[in-house]
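Please view the sequence alongside the structure while reading.

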Amino acid sequence: MPLSTFPQSLAGFVRASRRKNKLTQEQLAEHAGVGSRFVSDLESAKPTVRIDKVDAVLRIFGRGLGIVQHVNGGKEEWADAEEGCSLISSRAAPKRARQE
């Protein structure tokens, strides 16, 4: 999923889950220990929200934030930390100037 669609996907999930469980934004906020304004911002796909609060809301629905492997058609993937955190690409990487 492109990064730009993540806030919308997250917003849709939270809104649908809240409605399915017949919760108001205020009730969800109280259960998650966050403010109702935060829930409103989250459901409005605000791109700058606190990750700890997002996780608290998701945990109400049995979900949480985490690292997942993303298959991107073999074009680009980030290597695992153990592999040096370098960008692996099927395109030729541009040569970088050496810094001395």
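Phe 13 has a relative accessibility of 27% and therefore counts as partly exposed, where buried means under 20% relative accessible area, exposed over 50% and partly exposed in between, with a 1.4 Å probe and protein chains only. The model is predicted, so local features need pLDDT of at least 70 and side-chain atom pairs count only at pLDDT 80 or more, while totals for chains, interfaces and linings use all residues. Residues are numbered from 1 along each chain as its sequence is written, and side-chain values use heavy atoms, with hydrogens and water left out.

| Residue | Relative accessibility | Class |
|---|---|---|
| Phe 13 | 27% | partly exposed |
| Phe 61 | 15% | buried |

A search of the whole structure finds one aromatic pair, a term for rings of Phe, Tyr and Trp (its six-membered ring) whose centres lie within 6.5 Å, with planes under 30 degrees apart counted as stacked, over 60 as edge-to-face and the rest as tilted. The ring centres of Phe 13 and Phe 61 are 6.3 Å apart and their planes stand at 90°, so the pair is edge-to-face. Because Phe 13 belongs to helix H1 and Phe 61 to the loop between H4 and strand S1 (76-78), the pair ties together parts 48 residues apart in sequence; helices (H or I, at least four residues) and strands (E, at least two) are DSSP runs, numbered from the N terminus.

In helix H2 (residues 25-32), the buried residues are Leu 28, Ala 29 and Ala 32. They cover an arc of only 100° around the axis, which puts them on the same side of H2, the arc being that of the directions from the helix axis to the C-beta atoms. The face turned away from this buried side carries the exposed residues Glu 30 and His 31. Just after H2, Gly 33 takes a positive phi of about 75°.
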